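Me: Hi, I have a chain open here and would like to talk through how it is put together. Could you take my questions as they come?

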Amino acid sequence: MSAPPPPTEEAVPVPVPGAGAVPVIGNDKVLAAAQHIVKSLATSKNAADDMIRILSGFDHRLSTITSDLFPSPSPSHSHSHSRSPSDADPDPDPDPAFLAAFDAAEQLIHLWDTTPEALVFEAPEDDAAHYLAAVDAAVDHLAAGGPAAASGRAGVAVQLAMARLEDELRHLMLRHAVPLDASGLYCSLRRLSLESMDDLDASSEFDPATPHSQEGGGGPDTARSASIAGNNPFDDHLFDLVRPDAVDELRAIAERMARAGYASELVQVYCGIRRDLLDECLSVLGVERLSIDEVQRIEWKHLNDKMKKWVHGVKTVVRSLLTGERRLCDQVLAVSDELRDECFVESTKVCIMQILNFGDAVAVCPRSPEKVSRILDMYEALAEVIPELKELFFGTPGDDVIYDLEGVLGRLGDAVKGNLLEFGKVLQQESSKRPMMAGEIHPITRYVMNYLRLLVVYSDTLDKLLDDDAAGDDASHGGADEDEEYLQSLTPLGRRLVKLMSYLEANLEEKSKLYEDGALQCIFTMNNTLYIVQKVKDSELGRILGDHWTRRRRGKIRQNSKSYLRISWTKVLSYLKDDGHCGGSGNSLGNSTSRIKEKFKNFNFAFDETYRTQTLWKVPDPQLREELKISISENVIPAYRAFVGRYGSLVDNGRSSGKYIKYTAEDLENQLSDLFEGSLGSANHSRRR
C-alpha cells in the first residue's frame, strides 16, 4: 500500500500573527509567513535557530531563512535539544512557534499512524525527512515540558512515533541485510574437504587395507596446508552485512529512539534481528547447533566433517561476520558508545556460544587417537582468532566472552593431550597375533609413522601444550635406551615422539617373535626399522629427533643383518668346510670321496631349501635388498668356489657327477639374485655338467 501523502504547504497549519492558525497557500506566502513568524516571535538567536530548524523539517525551502539579524543568545531564553525527557525543566512561557511546530508534528505522526501498513522509508525521501523532523519536534517538546507535554499529547505522539520507528527499523534491517553466498561457500567447503588428508583410524588390527595404513600422496604437510588455507572466500575481506544505502536511515532511527529514552526497545529490536541473521549465516557455513549428547553420538566420519567445517567457519565468522557486525554497530549506533558495545555483545552472543558449545562438546568426547589432528586444527583456529576477538569485544561484557573463549581453548588443549596419552596406550596394548607374510612392513608401523609425521606439522602448538605436561605418561624419560643428555636436548614434542616410537619398537619386537624362523625375525625387524628411519629422515621428524636417534637405528639394522647371515647361512656354509678327513689314499681315499659326495649333497639340499624359502620373503627397500644379497654372495660364493676347486675332481669323473656338483659359482650367483623378491624364484639356474 502506498504511503499517505505527507502534509504540504496547503495542509500544515502555520500560525500567522493576527490571523490565528489558518493555512497559508503558495510558495512565496509560505516563505514570507515563516520569515515573519521567526522575526516576530524569536527572542534570541538560539530561539530563531530552533524555529528555523523545526520549520525546515517540514519544508526544506524554509531553511533559507536567515537568523543573522537576531540578537545574541540569551541564557534566559535558550533551549537545549540535547536534554532527555527526564532532566527537562518546564518552560513557563513557551514560544507560540514552538507550540505550532509541535501541533504540525503531532498531526503528521497521527496521520502516519492511521496507515500502519505503510512504511515511511519506502515513501519518497522528503517524506522520511519530514517524519523524522516531526519526531524531533515531538521529542523536543516532551523534553521541554511544555503544555502539550503536561497534557500528555507529546507523550502519546512520541510513543506512537517510537512504535513506528521500531517497525521501520525491523523492516529496514531485514530488507537490506546482505545474504551470504551459500553456493560459493559450499564450493569452498567441498574443495576443502577434497584437499584434506585421509583420516586416521585407530584400529586394534591396523588393517593394511585402510587408507591410513598406506603411503600418502603429498604427505601431511601439504595436506594440512591445503586444509587450513581452505581458500576461504571471505578471508581478510570485509563485506557489508547491510547495504550501505540503508545505514544512514538506520542510524537516524537509532538516534531518535535513543534520544527519546527508548534505548531498551532499540536494543531488543536491533539485537533480535542481527542475532537471527547471524544464526542463518552459521547454518550456511555448516556450523550446526548441537548438544554434547548429539556430538558424542555422531559417527567419526560425520563428526570429522563437522569439525572441518567448524574450523573453516570460525575464521569466517570472526574475520568477516563479527568484524562486519562490529562495524555495523559502530555505524548504526554511533549515538552512544555504551549502547554500541551492548548491542554488539548481545547480537553476537548466541553465535559465539554456538561455536563454543561445539568446541566444548568435542573436547569432552571419548578419547580416540584419530581425533588429535582435527582437535589440533580446532585449537589452532580458535587460538588464532582470539586476539582478533579481543579487539572486537571490550568492556565488561566483552571480558566475559573472551573468558569463555579461552576456557574452551584450554579444554581443547587438554583434549589433545588426553588423546595423545590414549594413542600411547593403544600402541602398548595392541597385540594382534597375526604375523605379516614374508616379513614385510607391519601396518602398525605405517600407521604410527604417518601419524607422527602428521603431529610434527603442529610442532609449535604441541611444544606449547606439552611443555608443562612432561610428567604425564613419563614422557620426560623417553625411550628406555635413550640417554638422558640426548632427551634433555629435545623439545617437549621431541621427547613425546621418542616415547611413542619406543612403544612402537617394543610392539614390533614382540611381533617379530611370532615368526618361528629366526632369520625371518631379522628380516622383519630390518624392514620395519628401516621404514621408520626413512620416514624420520624424509620429514620434520628428522629435524626434531636429530642424527643421534637415526644413527642408533641404523646400527640396529646392521646388527640384524649380521644375525640374519649367521642364522640363515651358517649351516649351509658348514658343508663347505674342510674338516681334515677329505684327503688320503687307498681305502681312505674312497672314504674321503664318499664324504665329499655327502658334503655336496648336503650343501645342495640346504641351499635349495634356503633358496625356496627366502625367495618368498620380502625386502621392499631395493638398497637393503641388494646389500643383503651382496653380503650373502660374499660369504657363499668364495667358499663354494674354493671347495669345488679343491674337491670337485673327486666326484667329477662319472656319469652322475651332476648329482653332486649341481651348481657352478655363476649358477649360485643367479640363484641368490632371486632372494627377497616376495615371489617364487625364476626357473632353475642349475646346469648339468
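This is a predicted model: local features need pLDDT of at least 70, side-chain atom pairs count only at pLDDT 80 or more; totals for chains, interfaces and linings use all residues.

Me: OK, now H10. How does H6 pack with that helix?
Reply: H6 (residues 153-175) and H10 (residues 263-285) pack at an angle of about 20 degrees, with 10 Å between their axes. That makes the pair roughly parallel, because the angle is under 35 degrees. The crossing of H6 and H10 is right-handed.

Me: Which residues meet there?
Reply: From H6 you have Glu 166, Leu 169, Arg 170, Met 173 and Leu 174. They meet Glu 265, Leu 266, Val 269, Tyr 270, Ile 273, Arg 274 and Leu 277 of H10. By class, the contact of H6 with H10 has eight nonpolar, no polar and four charged residues.

Me: Let's change topic. Where does H12 bend?
Reply: Helix H12 (residues 300-332) bends by about 40 degrees at Val 317.

Me: How many residues of H12 are buried?
Reply: 25 of its 33 residues are buried, so H12 is largely enclosed by the rest of the structure.

Me: I was also looking at Val 362. Which helix is that in?
Reply: Val 362 is in helix H13, which covers residues 337-363.

Me: Is Val 362 buried or exposed, and what does it touch?
Reply: Val 362 is buried, with a relative accessible area of 3%. Leaving aside neighbours within four places in sequence, Val 362 is in contact with Val 295, Met 307, Ile 375 and Met 378. Val 295 is 67 residues away from Val 362 along the chain, yet their C-alpha atoms are separated by 7.1 Å.

Me: Nice. On to backbone angles: what is the phi of Ala 438?
Reply: Ala 438 has a positive phi of about 70 degrees, although it is not a glycine. Most residues other than glycine have a negative phi. You will find Ala 438 in the loop between helix H15 (395-429) and helix H16 (443-455). It counts as buried, because its relative accessibility is 16% and the cut-off is under 20%.

Me: What about Phe 676, where is that and what is its phi?
Reply: Phe 676 is in the segment after helix H24 (665-672). Its phi is positive too, at about 65 degrees, and Phe 676 is not a glycine either. With 0% relative accessibility, Phe 676 counts as buried.

Me: Last one, the whole chain. How many helices and strands are there?
Reply: The chain has 24 helices and zero strands. Of its 689 residues, 51% count as buried. Among contacts with a separation of 6 or more, 79% are between residues 24 or more positions apart.

Key:
Residues are numbered from 1 along each chain as its sequence is written. Side-chain values use heavy atoms; hydrogens and water are left out. Axes are lines fitted to C-alpha atoms, for helices over the stretch in contact, and angles run from 0 to 180 degrees between N-to-C directions. Helices (H or I, at least four residues) and strands (E, at least two) are DSSP runs, numbered from the N terminus. Angles under 35 degrees count as roughly parallel, over 145 as roughly antiparallel, 65 to 115 as roughly perpendicular and the rest as oblique. A crossing is left-handed if the near helix is turned anticlockwise from the far one by less than a right angle, and right-handed if clockwise. Contact means heavy atoms within 4.5 Å. Ala, Val, Leu, Ile, Met, Phe, Trp, Tyr, Cys and Pro count as nonpolar, Asp, Glu, Lys and Arg as charged, and the others, Gly among them, as polar. Buried means under 20% relative accessible area, exposed over 50%, partly exposed in between (1.4 Å probe, protein chains only). The bend at a residue is the angle between axes fitted to the seven residues ending there and the seven starting there.
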